[in-house]
Every structure is written in structure tokens, then in C-alpha cells.
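Trainee: I am new to this structure. Can we go through it step by step?

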Amino acid sequence: MTAEILIVDDEPDICELVAGILQDEGYTTRTARDADGALNAIKARRPNLVFLDIWLQGSKLDGLQLLDAAKQEFPDLPVVMISGHGNIETAVAAIKQGAYDFIEKPFKADRLILVADRALENSRLKREVKELKAISPQPSALVGKSPAINQLRQTIEKVAPTNSRIMIIGTSGSGKELCARTLHNLSARANGPFVVINAAAITPESMEIELFGIEQSNGSQSRKAGALEEAHGGTLFIDEIADMPRETQNKILRVLVDQTFHRVGGTSKVTVDVRVISSTARNLEAEIAAGNFREDLYHRLSVVPIRVPPLAERREDIPLLVDYFMEQISLATGLPKRTMGDDAMAVLQSHDWPGNVRQLRNNVERLMILAGGDPNAVINSSMLPQDVGSMVPSMPNGNGGEQLMSLPLREAREMFEREYLVAQISRFGGNISRTAEFVGMERSALHRKLKALGIG
Ligand SMILES: Nc1ncnc2c1ncn2[C@@H]1O[C@H](COP(=O)(O)OP(=O)(O)OP(=O)(O)O)[C@@H](O)[C@H]1O
């Protein structure tokens with residue numbers, strides 16, 4: 001689809017000229033001579049771009065007023081002002097008021113086309129950013145209502161504005177990076193960069209280049225800013241700090257003391273203003289005791305320690321998280337959201353989740369993909385991967401006991417008794433006397449039981 005451009009000018013010659021140039025470039029155009037015509041055209045169908053004359057003779061609204069009215073209708077509509085020689089100042093005022101740019105009469109065709117291309121490109125990029133933001137909602141969304149997550153949220157809100165160094169402790173996938181981002185977003189550095197460096201994923205040899213950057217050496221390697229420099233004015237998140245080599249630990253300690261360092265191979269000092277947040281899934285005290293981690297560095301980094309509870313300590317958040325991930329995955333992939341059956345949810349809430357929230361998210365995604373077919377079909381426990389169901393008590397007949405978990409005790413007990421007795425009777429070849437003897441009941445009592453359970 002070609003972009004459609006509305007040209008608003010009281011001079012018919014200018015309208016035609018501009019329209020002709022833009023049409024030659026493949027754009028579709030419409031024209032209007034005054035404010036009413038322009039607003040009607042905009043309301044009838046939002047154009048992709050408007051060229052708007054500042055001086056509109058005989059019009060109810062002048063260019064600036066019309067710009068305002070158009071923006072009220074469509075705040076994201078890109079508008080380029082057409083200014084005469086005498087009203088550049090007004091054109092500048094229009095930009096402050098939300099116009100994208102202006103062109104000055106008389107203009108060359110090249111300039112007109114360039115401005116149109118740029119305005120449309122800018123508008124497209126803005127729209128894409130907006131869409132992406134909608135797909136990946138604010139990373140500060142720490143989902144959950146359990147006392148554990150509420151307490152975590154409160155701690156984060158309290159320490160975020162303080163600039164203190166924070167050590168986030170938690171098992172893999174529990175949300176440490178998400179907490180670090182939330183801390184950054186709630187701090188005075190929110191508009192600065194948030195840079196992540198994963199000490200576990202970088203080889204010890206390249207660790208210092210990644211952190212401190214490198215100066216040009218023998219002309220072979222160009223200068224490269226490291227993570228510390230990139231994070232200037234913002235936050236540096238060092239993930240899995242326990243994996244940082246001893247030598248680098250010494251150097252980072254010095255950076256924390258005086259906020260300066262040398263690039264690898266460099267002689268001049270680089271000064272930065274960076275808040276460091278680090279994380280660990282390992283027990284750092286044990287690493288210190290084993291001589292793998294500097295104790296003084298630990299104290300510098302862990303001014304405020306924050307513990308992220310594993311998912312197994314906040315099972316009540318699982319339904320909310322499942323819903324949140326379904327929404328997110330649906331937006332990102334177009335897969336329909338599904339309804340999770342009570343039995344499936346009960347199993348999800350019983351599982352131990354060694355991989356925490358990340359593992360839960362992966363499972364939700366897998367279920368949405370595998371569910372296929374009918375978007376109204378409910379996801380039940382039999383659709384869950386076997387390892388997820390392994391924590392639920394199993395049934396005597398070898399089937400998963402997932403369904404048990406969605407039932408109140410009395411019904412669950414009945415269901416168990418039924419399966420148990422059917423399995424025992426079958427084991428004793430249908431012989432009720434031997435079954436009664438084995439299960440420890442009177443023969444007559446067993447008969448009554450079987451009748452009550454609807455067996456036989
Ligand atoms: N409370 C939460 N609400 C919403 N999403 C969450 C929550 N906790 C974690 N997540 C999501 O789970 C995934 C894993 O979280 P994150 O990467 O922050 O964990 P991590 O502890 O840093 O992991 P690792 O130990 O592997 O570095 C991410 O997609 C994150 O957005």
C-alpha cells in the first residue's frame with residue numbers, strides 16, 4: 001500500500017505542484033484548501049502524512065490552529081508545515097507544538113521528497129516501537145500477589161531510589177534480572193542505560209574487555225567501550241557475579257572504590273557514574289569460604305541484599321503468572337489464549353519448578369503451541385508434560401493422579417478408593433474373599449463399599 005499524503009494550501013498551484021511531485025514518487029495524494037476541508041478529509045480517513053501551509057487565507061483556522069485540531073483528532077499524525085519566507089519563526093513554533101518538520105517556500109522537489117520520506121519513516125518507526133512495547137509490557141511488571149512477592153516489591157520500591165549497591169540472590173529463573181530492571185526503572189537513573197553483563201556466559205579471557213573496553217592496539221582492534229562505560233549515568237547489572245574470575249574481581253573492586261578504571265591496553269583513566277546491581281544463584285558465603293570470591297568485594301556489592309523467593313514458595317501466584325504469560329505469548333505469537341482447566345492448574349501449583357518462573361513460562365508456551373485446534377478447548381492435566389505431573393500423588397492403576405488434585409478430599413478419596421479396589425480385585429482374579437482379606441476388610445463390608453462406589 002502506498003502512503004497517502006494530504007496537502008493543505010490555500011493556493012491551488014502549490015497544492016497541484018506538491019501533489020504532482022509526490023505522485024511521481026509513488027505516493028497517493030489528496031488536497032484541501034482550508035481548515036474545514038482539511039479536517040473533513042482527515043476525519044474521513046486518516047492520511048499517513050499532512051503537508052500544511054502556515055498561512056491559510058480565507059480559512060476559519062490558520063495553520064497552527066489547524067495543526068492543533070488535527071493533532072487532537074490523531075495525536076500521532078505526522079505534519080510537515082509549509083512556511084513562507086516571512087514566517088520561519090512560526091514554523092519553529094509549530095515544531096514545538098508537535099509538527100515533524102517544515103519546508104520553506106520556494107522549495108526544491110528533492111527537499112520535499114526527502115522530508116516526506118523521513119516523516120513517513122519516522123512515523124512508521126514510532127508505530128513499531130509502540131507495538132513492540134505493547135507486546136513486551138513494561139519489564140517492571142513483577143506479577144504476583146503472594147505475601148512473598150508483595151514483600152519483595154516493597155523492598156524494591158524502598159531501595160530503588162537510594163543509589164545503594166544491591167545484591168540479588170535467588171535460584172535460576174526466579175526473576176533476578178527482572179528485579180534489577182525494576183530497581184533501575186524506579187530509580188533516578190531510569191532514563192539512563194541499563195546494561196547487563198553475564199559473568200557466567202563470558203570467558204575469563206574476554207571478561208575484562210567486556211567490562212572495561214579496549215584501546216586501539218596495533219591498529220588491529222578498534223577502541224571499544226566496555227559495559228561500565230556504556231552504563232555511565234545508569235545501572236550495570238552483573239549477572240552471576242560468583243563466576244567472575246579472581247583477577248577481574250580485584251579490578252572491579254578498585255572501580256567500586258573510585259569509579260575510575262583503565263580500558264584494556266589503555267593508559268588514561270575513564271571516570272564513570274554507575275550504579276552496580278549484581279546477582280547470584282550460588283551461595284556467595286560458601287564461595288568466600290572456599291577462597292573463590294573476595295570477601296571485601298562481597299561487602300561492597302551487597303550493601304543491600306535482596307532475596308528473590310523461588311516459585312515453590314509462592315505457588316499461589318501461579319494462576320496469575322499463567323494468565324500473564326498466556327497474554328504475553330498470545331500478543332507476541334498470535335496463538336490464541338487458552339483456558340487452563342482446574343485439574344491442570346492444580347498440577348501446575350503442585351509442581352516444584354526447579355527452573356522457577358522461566359520454566360513455568362516455557363511450559364505455558366509449549367501448552368499453547370501443542371493445544372492446537374479448537375481455541376475454546378480447555379487445557380486439561382493430561383496435556384501437561386509428564387515431568388510436571390510427577391509431583392502429584394499417582395493412582396493405583398498407574399494413571400496420573402492429576403485429576404485427584406482438582407477434587408475436594410471426599411471426592412478425591414472416593415476416586416482413589418475406586419481405582420484402588422478395582423486394581424486389587426483384578427490382582428486377585430476377581431476373588432472378593434481374597435481381596436477382602438488383603439485389604440483388611442470384612443467380606444460383607446467390602447461388598448457394601450463396592451456397591452457404594454458403584455463397582456461390580
Ligand atoms: N514475578 C514475575 N512476574 C512476571 N514475570 C516474571 C516474574 N519473575 C520472572 N519473570 C519472567 O521469568 C523469566 C526469567 O526471569 P529472569 O531472567 O529475571 O530470572 P533470573 O533469576 O535473572 O534468571 P537467571 O538465574 O537464569 O539469570 C523472564 O522472562 C521474566 O520476565
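Mentor: Start with one cut-off: angles under 35 degrees count as roughly parallel. Keep in mind that this is a predicted model.

Trainee: How are α2 and α3 oriented to each other?
Mentor: Helix α2 covers residues 35-44 and helix α3 covers residues 63-73. They pack at an angle of about 15°, with axes 11 Å apart. Angles under 35 degrees count as roughly parallel. Therefore α2 and α3 are roughly parallel.

Trainee: Is the crossing of α2 and α3 left-handed or right-handed, and which residues of α3 make the contact?
Mentor: The crossing of α2 and α3 is right-handed. From α2, the contact uses A35, A38, L39, I42 and K43. From α3, it uses L66, A69, A70 and E73.

Trainee: How many residues in the contact of α2 with α3 are nonpolar?
Mentor: Sort the contact by class. Two residues are charged and none is polar. The nonpolar count is seven.

Trainee: What lies between the end C-alpha atoms of helix α10, in Å?
Mentor: Helix α10 has 13 residues, 246-258. At 1.5 Å a residue, it should span 18 Å. The end C-alpha atoms agree with this, as they are 19 Å apart.

Trainee: Which residue follows α10?
Mentor: Look at the backbone there. Its phi is positive, near 55°. The residue is Q259.

Trainee: Where in the protein is confidence lowest?
Mentor: The mean pLDDT of the protein is 88, and 93% of its residues reach 70 or more. Confidence is highest in strand β6 (residues 166-169), at 97. It is lowest, at a mean of 70, in helix α16 (residues 386-389).

How values were computed: Residues are numbered from 1 along each chain as its sequence is written. This is a predicted model: local features need pLDDT of at least 70, side-chain atom pairs count only at pLDDT 80 or more; totals for chains, interfaces and linings use all residues. Axes are lines fitted to C-alpha atoms, for helices over the stretch in contact, and angles run from 0 to 180 degrees between N-to-C directions. Helices (H or I, at least four residues) and strands (E, at least two) are DSSP runs, numbered from the N terminus. Angles under 35 degrees count as roughly parallel, over 145 as roughly antiparallel, 65 to 115 as roughly perpendicular and the rest as oblique. A crossing is left-handed if the near helix is turned anticlockwise from the far one by less than a right angle, and right-handed if clockwise. Two residues are in contact if their C-beta atoms, placed from the backbone, lie within 7 Å. Ala, Val, Leu, Ile, Met, Phe, Trp, Tyr, Cys and Pro count as nonpolar, Asp, Glu, Lys and Arg as charged, and the others, Gly among them, as polar. pLDDT is the predictor's confidence in each residue, from 0 to 100. The expected span of a helix is 1.5 Å times one less than its number of residues.
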